[in-house]
Amino acid sequence: MRFSYWPAPTMPWTDLLEMSRHVEATGWDGIWYADHFMPNGEDTSAPWAESWTTIAALAAAVPRVRLGPLVTGNTYRHPAVLAKMAATIDHISGGRVVLGLGAGWQENEHLAYGIPFYTLGERLRRLDEACRLIKTLYGRQGANFVGDAYQLVDAPLEPKPVQDPLPLMIGGGGEKVTLRITAQHADEWNVWGTVDILKHKMAVLDAHCENVGRDPAEIERSAVALLFLSDDEAFLAKMRARGTGMPSNIGGVAEIADAVGAYRDAGVHEFIVPAFNLGGKDRQKEVLDRFIEEVAPPFW
């Protein structure tokens with residue numbers, strides 16, 4: 001398995017760089033970054049870094065680890081421009097970029113920035129077209145594409161990415177359409193979820209793969225869940241009783257190791273730890289170091 005770090009986009013750049021270098025040096029496999037422009041709530045005043053420029057900076061400053069957005073909102077950039085951005089950063093990083101892509105869901109930032117939100121069906125159709133367009137650009141010298149939303153006319157994309165193929169990750173768990181798009185186009189797939197959620201979603205994904213004639217083993221699977229790792233039984237009991245409102249793994253080292261083992265046995269290739277609930281950088285280091293030193297080693 002791979003283990004990756006997902007910092008909050010509100011973290012100042014100097015702290016993000018320090019944390020990213022720390023997780024790289026301590027053995028983590030990847031760093032992911034949310035692609036949003038503002039918080040999803042009434043208070044939108046929090047500092048909020050842009051995803052792809054941040055990833056480009058990390059690509060130049062942090063060695064070894066994989067890097068990517070979790071995931072890019074397709075509505076925010078023309079997919080041909082996005083393909084060019086990802087290919088460029090793949091060169092900056094020496095071939096470590098994953099192009100994470102989703103339909104886009106956060107309505108308030110569409111309204112604030114004047115980006116058409118469309119209907120859910122329209123966003124999903126655009127996602128499907130975007131996947132096909134990006135693969136066309138990466139696979140040909142001069143690409144032509146005629147879709148309902150996007151068109152290309154002898155469009156060049158040079159240099160091609162270092163990786164062949166540059167991995168395309170689809171994020172989302174919609175069972176009728178998103179997972180079908182994943183089955184058709186993705187090299188990797190990501191969803192928030194507990195082990196039970198992952199098992200169910202992966203069974204649906206495998207069925208879509210069968211329907212489109214794709215080997216399910218061609219698609220790597222990654223999971224995200226909040227981590228509450230502690231020896232404080234009172235704190236753990238409080239978190240279990242209160243709930244977190246999101247998929248979470250709560251416990252001491254042995255319990256978290258059991259959970260990670262269950263993800264692995266279910267077919268998860270990468271476990272991604274969001275730092276949103278872990279506090280400041282010193283607290284993050286404490287929890288992340290303990291996870292990578294005491295939980296992760298049996299699963300590499």
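Where is the place of Val-71? Val-71 sits in the loop between β3, residues 66-69, and β4, residues 72-73. Keep that loop in mind. Before going on, a reminder: this is a predicted model.

Let's start with the backbone. Most peptide bonds are trans, and most residues other than glycine have a negative phi. Here are some exceptions.

The bond between Leu-70 and Val-71 is cis. Its omega is about -20°. Another cis bond links Asp-164 to Pro-165, with omega about 5°. Pro-165 belongs to the loop between β7, residues 151-156, and β8, residues 168-171.

Now phi. Arg-64 is not a glycine, yet its phi is positive, near 75°. Look for Arg-64 in the loop between α2, residues 51-61, and β3. Arg-64 is partly exposed, at 43% relative accessible area. Asp-154 also has a positive phi, about 45°, and is not a glycine either. Asp-154 lies in a strand, β7. Buried or exposed, which is Asp-154? Asp-154 is exposed, with a relative accessible area of 53%.

How much space lies in the largest pocket? About 740 Å³. Its lining has 32 residues, and the closest to the centre are His-36, Leu-70, Val-71, Trp-105 and Trp-192.

Which elements build the lining? β4, α5 and β9 each give at least two residues. On the sequence, α5 is 120-139 and β9 is 188-192. The largest share, 4 residues, comes from α5. By type, the lining has 18 nonpolar residues, 12 polar and 2 charged.

The second largest pocket holds about 170 Å³. Its lining includes Leu-99, Ile-134, Lys-135, Tyr-138 and Lys-160. Asp-164 and Pro-165 are also among the lining residues. That is the other cis pair. Again α5 gives the largest share of this lining, here 3 residues. The types are 8 nonpolar, 1 polar and 3 charged.

You will find Arg-221 in strand β10, residues 220-224. Arg-221 counts as buried, because its relative accessibility is 6% and the cut-off is under 20%. Where does its side chain go? The Arg-221 side chain reaches the backbone oxygen of Pro-216, at 3.1 Å. Beyond its neighbours within four places in sequence, Arg-221 is in contact with several residues, including Trp-189, Met-202, Asp-206, His-269 and Glu-270.

Last topic: cysteines. A disulfide is a covalent bond between the sulfur atoms of two cysteines. How many disulfides does the count come to? The count is 0. A disulfide would need the two sulfur atoms within 2.5 Å. Cys-131 is buried, at 0% relative accessible area. Cys-209 is buried too, at 0%.

How values were computed
Residues numbered from 1 in each chain as written. Predicted model: local features only at pLDDT ≥ 70, side-chain atom pairs only at ≥ 80, totals over all residues. Heavy atoms only, no water. Buried < 20%, exposed > 50% of the residue type's maximum accessible area, 1.4 Å probe, protein only. 1 Å grid on protein atoms, 1.4 Å probe; cavity = no way out; pocket = protein on both sides within 12 Å on 5 of 7 lines; lining within 4 Å. Points joined across faces, edges and corners; volume = space filled by probe spheres on them. Nonpolar A, V, L, I, M, F, W, Y, C, P; charged D, E, K, R; others polar. Polar contact = N/O pair within 3.5 Å; in protein donor to acceptor, adjacent residues only side chain to side chain. Contact = heavy atoms within 4.5 Å.
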